[in-house]
Every structure is written in C-alpha cells, then in structure tokens.
Amino acid sequence: MPHAETGDVSVASSGIDGLDDILAGGFVRRRLYLVEGVPGSGKTTLAMQFLLEGVKAGEPVLYVTLSETAEELGAVAGSHGWSLDGINIRELAPAEGALDADEQNTLFHPSEIELAATIKSILGDVERLRPSRVVFDSLSELRLVAGNALRYRRQILALKQFFATRDCTVMLLDDMTATDHDLQMRSIAHGVVLLEVLHPEYGAERRRLRVLKYRGVNFRGGFHDFRINRGGLVVFPRLVAAEHRQRVIRRKLASEITELDALLGGGIEEGTSTLILGAAGTGKSTLAAQFAAAAAARGEPSALFVFDESPSTLLLRCEHLNVDLARHVESGIVSLQQVDPAELTPGELIHLIRAAISTHGAKVVIIDSLNGYLNAMPAERYLTIQLHELLMYLGQMGVATILVGAQQGLIGSQMTTPVDASYLADAVVLMRYFEHRGEVRQAISVMKKRGSRHERTLREFRLDDGGITVGEPLRDFRGVLTGVPEYDVSAPLERGGA
C-alpha cells in the first residue's frame, strides 16, 4: 500500500480504515506513539494490524514482546486468519533459567542488569534489521524491569531519541495495570490512543477508542466505537455532519397514495426528516414501508433498519396489505436489515446507515423505531445530540429520513414517547385511535412540516385487505390535542369521510 500523505509529511497507515480516517491518514512516520488500554481491549490486535500493513508495503518490521511468547502471538494471529511471516518477533521475557537460585545476582540490584540487557538486545535488533515499524509490548513489563520511575522515564526518552535517528515509527503498548500509572508518558509520545471496554448490564461488552493527543494533526476527536472481529479491529469513526455539507435539490417523494400525499402537501422531501408518532398498532411501520415501496417502484433505492420486529413478519404483513415490499427486497433495490439492540453500538448503526447511502445509493432511510434505537444504547446520555448529527448528515446527503416513534399508552393525554425527537424532525405525522359508535378507528394528521405547505385536516386511516386507505378530511373531528379524538355525535360519519 502506498504511503498516505498529510501535507508534506509521510504517514504510515494503521491497517485499519476507520482509524486512519480518525488520524487524518495514519501515523506520522519517525514518531513514537502510545496505545493504552486494559487487558483485552485490543492493543495487540491493533499492533499486529499496524505491522502487517508494513509487511504488505514491503517494509521491515519488528515486534518486541516482553510479556507474551512468539507462540502466543502466533495463536492470536491465527484466530484472525493471519500469518506472521515477514514480522520479526523478538522475545524478551525472562529466561527459564532466571528462576534458578544459582542464577540470582546479589551484588547488583536485578533491575540494573535486566534493564541494561533488555535495552542492549533491542538496540542490537534495530541496528541489524533496520525496521521502519517497531512495536513494544508492553510498557508495564519495561517499567518493572527499570525498577524506579526515574530510570524508566530516562530509558524511554533515550529510546525515543535513538529511534528518531533511525527512520522508525514506534508504537508502545501499555496495559495500564501498574498502580503508579505514569501519565508523563503521554507527554513524551507524539500521539496517544486510548482503547476502552464498557460492560453494560445486559448484552455484549462494547469497545470504543479515543485519540487523546496527536501533535500537529487535525484528528477527529471524541469517542469512536470499534469491534474486534475475525480479521482485526473494525473502527467506526464518529459522524461529523459538518464534513458532508453539499447543496441538495429537494424533490418531493410521493407515497403514491393520493389522499396521503395531499395531506403531506405532495409527499416528503429529499433532505428532510419525518417523524411518524403513534400508539402501538396504529400503522406507523406500514406507512413507512409504503414510502420505501413507492420509492422502489420509481427506481429509487431505500434502506430499512428494523429494531422491533423480524423482517419476515414485516414483509408478511405488508403482503397482506398489498404493499409490494418483498419483491423489491428480493431485487435488491430495498435493503432490509434487522438490528439487534443488545449487540449494536451507536457507531456501528451509523456505519450501516452511511454504507447504505454510499454503496446502495439509498434515497429513503427508515429507522423503525426510535424506541429500539434508544434501547441499543441504554448508557448513552447524549442520544438526542447523536440523533441530531445523524439527521443533519442524512439531510446534507439528500436522503429522505423516516423515523418511527412508538408512544407509550394507547389513548389519553398521558401518552408519552421515550425520545422526544419532534423538534428535530422537519415533519411530524401523528396517528391516533378514536372511537365511533362502538368501533375503534384510526386517524392521521400532519402536525408540522417545515419548508412546504400541508393540510391541517385530520383524515381517517385504515388498514385492511385492500391495503392502506386514507379517507377524506374529517370535518367534525375534535379532541385531537387532548389525546382523546372523537367525533361530534350530531354529525353522522360515513365510511371514508365526514
């Protein structure tokens, strides 16, 4: 792989696309970097990907291990399907003979002998191999060998100066197990990457990374989710909507249901977001699926991310209502993905949505539902900010976004939604139950629509074997703002209108 460039400075790719994106191309060469993380956070895997990327580019690389054996490193590589051919591994773990009483030195402090021997061995390998990439695993072992903090820091500074004159890009791994964790190491390093592991009360552990510093580089700050899959780390850079600004021509996308499009002033617009709110069973998901099917019939790709029901159930229900979604899913013009809230991270969901736009060309994106989106990140305090950033990005990409929000409760003024996204969305479609002459019916209205006119009437909304039916305006409908819509009993209701 050719070297990436940052200005006039050559950079070394990390071998991880998402991390390179965060680092503005990769690691600036001939610098020393610190990668911190608790055991199991992915430091060794990241280091191997960094070295394997150098091997692919034909560079000599060196892995100095003070804690693991070459056999253990080979097992880690094998779990990812990698070969360590081309990586020079130098084991500096204590020799087996060091356990013998006869080998114990009583004249000098053990650290004085061990540190000198360790450093000499490392420098000898560097002079012999002349590697362009070097990994030290790990600093906690080197700290123990040094004996005290002053000698340890001096040796790190000496190593930094040594490598700076030998065209080496150095990565130091620190497992943060030392009780006297030396934060001054962060000041010595040119850049610092922190790997974290979070343990939610339910579901798999979640991992995220943060670049704490990177001198002279405009890197992407904040937390970025990542996974350790077979094949290495997959990093999902934090979405920054401001990086994707572009001019959007806002065409109207019709639902192909005449009365519904009239209610919406012709349909929903590209580059806008529409929130469909209502109680369970009012037809929110079916209505959203109708927009996807209508777009597909016009040859426009769509992407559905379903949290709350299985794709097979959704497709079967749409088939009974004459919403031709299954055929478009089979043809590939509609992408239907089920999302498991217990396994998903916020960054991964955004990565899936961005991929649907960049590779699938989706013009309509549906998230069903916001409740599932919230459950996917129960520990996230800034869900609304993340959602705002996502909607801004989708709007700038000219995508029509449909959010489904299930309200808690069926009727009454006490109905609530766990995520108030009404002020974020450009349009809000409200769906309600109402009673008439002993029959439960449904109503639909558009409460808000930025940028274009829309009807302020309420219409009856029906789901039956004939499909989705939207009736004429219900002129005698009252009580919608109280949450208990009803008809004026003095005005008889005819099926489909007032």
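Please keep in mind that the model is predicted.

Leaving aside residues up to four places away in sequence, L325 touches A289, A292, A293, L304, L314, L315, C318 and V334. As background, nonpolar side chains tend to be buried together in soluble globular proteins.

## The chain as a whole

Stepping back, the chain has 14 helices and 25 strands. Of its 498 residues, 53% are buried. The chain exposes about 22,900 Å², with carbon and sulfur atoms supplying 51% of that area.

Contacts across the sequence are worth a glance too. Among contacts with a separation of 6 or more, 70% are between residues 24 or more positions apart.

## Helices α12 and α14

A packed pair of helices is described by the angle between the two axes and the distance between them. For helix α12 (residues 346–358) and helix α14 (residues 383–396), the axes come within 12 Å and cross at roughly 10°. Angles under 35 degrees count as roughly parallel, so α12 and α14 are roughly parallel to each other.

Which residues make the contact between them? On α12 they are P346, I350, I353, R354 and I357, while α14 supplies Q386, L390, Y393 and L394. By type, the residues of this contact divide into seven nonpolar, one polar and one charged.

## Backbone details to check

Most peptide bonds are trans, and most residues other than glycine have a negative phi.

A cis peptide bond joins D137 and S138, with omega at about 5°; S138 sits in the loop between β7 (133–137) and α5 (139–146). Another cis peptide bond links D368 and S369, where omega is about 20°. S369 belongs to the loop between β18 (364–368) and α13 (370–375).

As for positive phi values, A24 has a phi near 60° and lies in the loop between α1 (17–22) and β3 (27–28). With a relative accessible area of 34%, A24 is partly exposed. R30, also not a glycine, has a positive phi of about 65° and is found in the loop between β3 and β4 (32–37). R30 counts as partly exposed, at 36% relative accessibility.

Terms used:
Residues are numbered from 1 along each chain as its sequence is written. This is a predicted model: local features need pLDDT of at least 70, side-chain atom pairs count only at pLDDT 80 or more; totals for chains, interfaces and linings use all residues. Side-chain values use heavy atoms; hydrogens and water are left out. Helices (H or I, at least four residues) and strands (E, at least two) are DSSP runs, numbered from the N terminus. Buried means under 20% relative accessible area, exposed over 50%, partly exposed in between (1.4 Å probe, protein chains only). Contact means heavy atoms within 4.5 Å. Accessible areas come from the Shrake-Rupley method with a 1.4 Å probe; for residues, only the protein chains shown count as cover. Axes are lines fitted to C-alpha atoms, for helices over the stretch in contact, and angles run from 0 to 180 degrees between N-to-C directions. Angles under 35 degrees count as roughly parallel, over 145 as roughly antiparallel, 65 to 115 as roughly perpendicular and the rest as oblique. Ala, Val, Leu, Ile, Met, Phe, Trp, Tyr, Cys and Pro count as nonpolar, Asp, Glu, Lys and Arg as charged, and the others, Gly among them, as polar.
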